[in-house]
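Trainee: I would like to go through the labels used for this model and see what each one rests on.
Mentor: Then ask about them in turn, and we will set each value against its cut-off.

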Amino acid sequence: MFISHLPKLHSHFSIFYSTPKIIITSALLSKSKTTPVSHFSSVTAAANTLLQTPELLQTKNLEIEDVLEKPHVEISVEKLFYPPDTDVSSGSRPLSSRILKGSNIVLSKYAGNAQVEQAEFVKSSVDTEACPSDGLPEFALVGRSNVGKSSLLNSLVRRKKLALTSKKPGKTQCINHFRINDSWHLVDLPGYGYAAAPHEVRTDWAKFTKDYFINRPTLVSVFLLIDASIPAKKIDLDYASWLAENKIPMTIVFTKCDKRKKKKTGGKKPEENLQDFLELIQKFFQTAPPWIMTSSVTNQGRDEILLHMSQLRNYWLKH
């Protein structure tokens, strides 16, 4: 079964600070407040539900069974992310069957037109005012230098060299716009935390990146990339805190989830580093922020990110 092209979203909605239209029934919570997602089932029910909604059937090559499987980590009901205008009380649509694989994100009715069919570089800008003025919705990728940002972007569009990858961290120094399907943008922002960069350059990068977050009216959401193969870094925690404090809609993307550390050397699994990071940032948010596990090596999380972007984008465009 296929969804063939997922739906579109509008500016000035806050994922974390507005209360989405959700209903959690007492029956759902009575099972257990810590019911792990690994105990949920019924992927078929989700597929049947989506097949009953013709406008969602527009996403070539994204199979329902692939994106609605059970995540690799246990998630309690209250730590799920519910997109705006999501009603989870529908009896024919089990909540458990609508959680995107390797994430805490519930798939909403706005998901659609997700598949990337065309991608092209538009321009590099040194400040927000110089960014494209076509009014298209956009998603910004940002993260610590060497977190795998360009590799993830290339994975999303299924192109090896759309975004330049480099073994030298800090290569991206501008706001780089890529037009997707002539209808929305992916934005590659400068990496932060590259110690070898001159101090004044690092200061400028931080200044114009944060100016972009606050003053870019077409920004739908920031995707903050965090390296799940290593313990939480203070600079990442500070960045997440700043985004939350300034009420910038964001999704946390855990990268390098394919990497495995040897227990005998004291290294933690990506799932453990992920849980540690989420616990450290929970005080910054009123409700659970959305997160997704990814790997540019195995393409884990690629389709899930595109589905999530589609539901945010389609909500943005309709509001």
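Mentor: One cut-off comes first: a residue counts as buried when its relative accessible area is under 20%. Keep in mind that this is a predicted model.

Trainee: Why is Asp85 called buried?
Mentor: The relative accessible area of Asp85 is 17%. The limit is under 20%, so Asp85 is buried. Asp85 lies in the loop between helix H3 (64–67) and strand S3 (119–125).

Trainee: What is there to say about phi of Asp85?
Mentor: Phi of Asp85 is near 60 degrees, a positive value in a residue other than glycine. Most residues other than glycine have a negative phi. Lys247, in the loop between H6 and strand S8 (250–255), also has a positive phi, near 55 degrees.

Trainee: What makes H4 largely enclosed by the rest of the structure?
Mentor: Eight of the nine residues of H4 are buried, so the helix is largely enclosed. The buried ones are Lys149, Ser150, Leu152, Leu153, Asn154, Ser155, Leu156 and Val157.

Trainee: At what angle do the axes of H4 and H8 cross?
Mentor: Helix H4 (residues 149–157) and helix H8 (residues 302–318) have axes that come within 9 Å and cross at roughly 80 degrees. Angles of 65 to 115 degrees count as roughly perpendicular, and that makes H4 roughly perpendicular to H8.

Trainee: Which residues make the contact?
Mentor: H4 contributes Leu152, Ser155 and Leu156, and H8 contributes Arg302, Ile305, Leu306 and Met309. By class, five residues of this contact are nonpolar, one is polar and one is charged.

Trainee: How many aromatic pairs does the structure hold?
Mentor: There are ten aromatic pairs. One of them joins Tyr192 and Tyr239.

Trainee: Why is the pair of Tyr192 and Tyr239 called stacked?
Mentor: The ring centres are 4.2 Å apart and the planes stand at 10 degrees. Centres within 6.5 Å make a pair, and planes under 30 degrees apart count as stacked. Both conditions hold, so the pair is stacked. Tyr192 sits in the loop between strand S6 (184–188) and helix H5 (199–215), Tyr239 in helix H6 (residues 234–245), and 47 residues separate them. Tyr192 is buried at 9%, and Tyr239 is buried at 9% as well.

Trainee: What makes the pair of Phe213 and Trp242 tilted?
Mentor: The angle between the planes is 45 degrees, with 6.1 Å from centre to centre. Stacked needs under 30 degrees and edge-to-face over 60, so the pair is tilted. Phe213 is in helix H5 and Trp242 in helix H6, 29 residues apart. Phe213 is buried at 3%, and Trp242 is buried at 17%.

Trainee: Which residues form one aromatic cluster?
Mentor: Tyr192, Tyr212, Phe213, Tyr239 and Trp242 form it. The charged end of Lys210 sits over the ring of Tyr239, 5.9 Å from the ring centre.

Trainee: How do you know whether Phe139 is buried or exposed?
Mentor: Phe139 has 0% relative accessibility, and the limit for buried is under 20%, so Phe139 counts as buried. Phe139 lies in strand S4 (residues 138–143). The residues it touches include Trp184, Val220, Phe223 and Met309. Phe139 and Phe223 are 84 residues apart in sequence, yet 7.0 Å apart in space, C-alpha to C-alpha.

Definitions and conventions:
Residues numbered from 1 in each chain as written. Predicted model: local features only at pLDDT ≥ 70, side-chain atom pairs only at ≥ 80, totals over all residues. Heavy atoms only, no water. Axes fitted to C-alpha atoms, helices over the stretch in contact; angles between N-to-C directions. Helix = DSSP H or I, 4+ residues; strand = E, 2+ residues; numbered from the N terminus. Parallel < 35°, antiparallel > 145°, perpendicular 65-115°, else oblique. Contact = heavy atoms within 4.5 Å. Nonpolar A, V, L, I, M, F, W, Y, C, P; charged D, E, K, R; others polar. Buried < 20%, exposed > 50% of the residue type's maximum accessible area, 1.4 Å probe, protein only. Phe/Tyr/Trp six-rings, centres within 6.5 Å; stacked < 30°, edge-to-face > 60°. Lys NZ or Arg CZ within 6 Å of the ring centre and 35° of its normal. Lists of a residue's contacts leave out its neighbours within four places in sequence.
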